[in-house]
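Here's a quick tour for anyone opening this one up for the first time. Have a look at the picture, then follow the notes below.

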Amino acid sequence: MAEEEFSYIGKSVPRVDARAKVTGEAVFTADISLPRMLVGKILRSPLPHARILNVDVSRAKKLRGVHAVVTGSDTAGEKWGVFRYTRDQQLLCVDKVRYVGDEVAAVAAVDEDTALEALNLIQVEYEELPAVFDCYSAIAQDAPLIHEDRARNINVSVKIDVGDVDSAFRDCALVREDTFVAEEDSYFMTEPYAVVANSHSDGSIEIWMPNASPHTKAKALSNALKLPLSKVNVRKITIGGAFGGRSDVFPAEFITCLLSLRSERPVKVVYSREENSIATRMGHAMITTIKTGVGKDGTVLARDIVSYLDGGAYSSTGPIATSVPFLCHEQTYRMDNVRFHGYRIYTNKPVRGMIRIHGRSFACGIDTQLDMIAEELGIDPVTIRLRNARRPGETTPTGSYVASCGLVECIEKTAEKSKLLEKLKDQKPNHGIGMGLNSVQTGFPLGIRGGSQAFIKFHEDGGATVISGVVDNGQGNDNMLVQIAAEELGLPLEDIRLISADTEVTPTDAGSYSMISTFGGGNAVKAAASDAREQLFEVASDMLEADPADLVARNRKIYVKGAPDVGIPIEKVVRKALIMGRPIMGRGAFSPEVDQRREWITNPKGQLSQAFSFGATVAEVEVDPETGQVHALEVTAAQDCGFALNPMVVEGQFEGGVAMGGQGGMLGEEHRWNQGHLLNPSMLEYKIPIITDMPKINSIIVETIDPAGPYGAKEAGMSIAMSAAQAYCNAVGNALGIYFNHYPLTPERILDAIENKKPGIRTAWDFEPVKIIEPE
């Protein structure tokens, strides 16, 4: 179907949830109020590493108004980890605490004051243990072990070795080795984390929380609570942001359920902003050494990368987090000979997980080093990227075939729109411009992944209900599903009702992360709608005396192609079908075609994802050399999203990506510490950009029509968030003639780099290269 034949797909239509969001009608978890509901509060460890000798809750239990008190001894002892082989987190500590904020006990009381008073009455006896707060200290031979079964505190070790790296380096015209460092960053969703659990007399429990995967949450809670999966019902609720930070299972979900089961009343836990920072997830601090060899024309011939990730106290998504920064770049840039050693290392700090600009040292390191190589060879930054950029029809080093790829078009269009090369030649003092590239997977169904299913039911009035497991974290997934169903069924958007993300009602779905929702969930709904439409056409063909293949559904009617005036209303067809005992009920499913043998650690080769998106960003900045302040002037972002189902929503994702990846992620967002204590957990101290900080953004949508995507669509926004970080970094460096290798670029770091500026093509700071960790 040509684009001009679409009624809703490819159109900038307002999101179906827009009105509720802007009027405040949308209900978030913290807004829920149930009869007899109790307030839950959690007692957290004040120490970074300690053995729990005793927990005395007797005084708390006696406090008037307290209905339940739980500790680790009240649990079945199950541990959580995204993968079976990394399950290391007790959702309520039993024997040990491993970071400041670890969950030790919890209470449910009639109000917040009573709950807080009860927490103060709980007495915990600790034996403090030595702690480690950075990767180098943690891997030292004599370092205290955070998990006794993990030598040198190495949580995850990933090795990828493709081609003949050592031989290729010998053939290179130029070889560079540089080390890049990035500190921890956070998601800082607008909505503080909250959980409501409501247990019932039949042994079931329903839970509301901001989450990226209801079905994954339900499975994990079923295991931890020792309840049948059919009795654990995760309900749909409006979610105020995710960015990768709602995809894991958090102790508060388990604890709130436990409190509700014990008290036999609904319980609500709402995190403070400080708890939201330390007790959900944050991004990994990372140190990366990148050695790259190129030919005379700048073509990369060999690359050797070693990366240390500060993983915090528990595994979480560790195997994925350790691999994804490398995978994003093997997708972005061609490299036949490449070696990667990634180590996720335990420290006594909060748990780290997936985040939208995951791997700042990795991503910015690759692109900054490429600019350094280009300068040494006398090549401009656009040409060297074009020489190394991924093309369609190629296969990545670890074995993923890339069916669609618009990276070259992204590079060319951003360079042209921003006048990158002209501005580099005619540069003003303290003005800079820089480019970044990136690529992400459009869904990788490994480990916790799976396909998506959907149902569609027609009503007597001709309207339809879509039933899908896809969750909307705020990016517009609800609208995407409704838009696809409306297009396929020939109905206006307002005739489509959506039931989604409720584990009791909706079929399974992989979850809204790994950029899979449009690709997986969208395809499933499209298939279900197509199935329903075929059923409609079978019934209508008799009524219209026409072949079903000649029928069209549009504007609430079914008609023969070319004769819209003689069509019959869909509601009449639905009623006819009901009379015939053939209710119109569509069913669809989609599971990406990937290599199911691929595994993050033991077998990191094979088709990782069925599709990949690609992005390029150019940032233009002005730097004040007296204060170190950076003013972003203009950003041009282009992404190959396959096909823009809703261009307005896609552009919104681009703008969000620039804000999070570039403006915030590269210029200021950073956590600071003192002996495991987070010094800036609140919105006052943690600097996220606001609207007045944002530059002019030029969004360029590149469409490659992926053969497997719904209408050719892939992912939108993630490639921009990552490439924006790289572009900002290179732009600031270009403004000052400095190659920055410590992120984010705070005013202090910028001033330090200016003061200690060294001659030649070199990074601002000389960090010790990270090395391969030899096995014990």
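**Getting your bearings**

Let's start with Glu274, which sits in helix H8 (residues 273–278). Helices (H or I, at least four residues) and strands (E, at least two) are DSSP runs, numbered from the N terminus. The model is a predicted one, where local features need pLDDT of at least 70 and side-chain atom pairs count only at pLDDT 80 or more, while totals for chains, interfaces and linings use all residues. Residues are numbered from 1 along each chain as its sequence is written, and side-chain values use heavy atoms, leaving out hydrogens and water.

**Around Glu274**

- Glu274 is partly exposed, at 39% relative accessible area (buried is under 20%, exposed over 50%, partly exposed in between, with a 1.4 Å probe and protein chains only).
- Leaving aside residues up to four places away in sequence, Glu274 touches Pro681 and Ser682 (contact means heavy atoms within 4.5 Å).
- Met683 is 409 residues from Glu274 along the chain, yet their C-alpha atoms are 8.9 Å apart.

**The six-stranded sheet**

- An open sheet of 6 strands runs in the order E9-E17-E16-E15-E10-E31, with mixed pairing (two strands pair if DSSP finds at least two bridges between them).
- Its edges are strand E9 (154–162) and strand E31 (742–743), each pairing on one side only.
- E10 (residues 174–182) and E15 (residues 285–294) run antiparallel, joined by 9 bridges.
- Across that pair, Arg176 faces Thr292 in E15.
- Helix H10 (residues 360–377) lies across E10, E15, E16, E17 and E31, at about 145 degrees to E10 (angles run from 0 to 180 degrees between N-to-C directions, and axes are lines fitted to C-alpha atoms, for helices over the stretch in contact).

**The four-stranded sheet**

- Another open sheet has 4 strands in the order E21-E20-E19-E25, again with mixed pairing.
- Here the edge strands are E21 (496–500) and E25 (585–590).
- E20 (residues 464–468) pairs with E21 in the parallel sense over 5 bridges, and Val466 has Leu498 in E21 as its bridge partner.
- Helix H14 (residues 477–489) lies across E19, E20 and E21, at about 135 degrees to E21.

**Two helices meeting**

- The axes of H6 (residues 214–225) and H7 (residues 251–263) come within 10 Å and cross at roughly 55 degrees.
- The contact involves Lys217, Leu221, Ala224 and Leu225 of H6, plus Glu253, Phe254, Cys257, Leu258 and Leu261 of H7.
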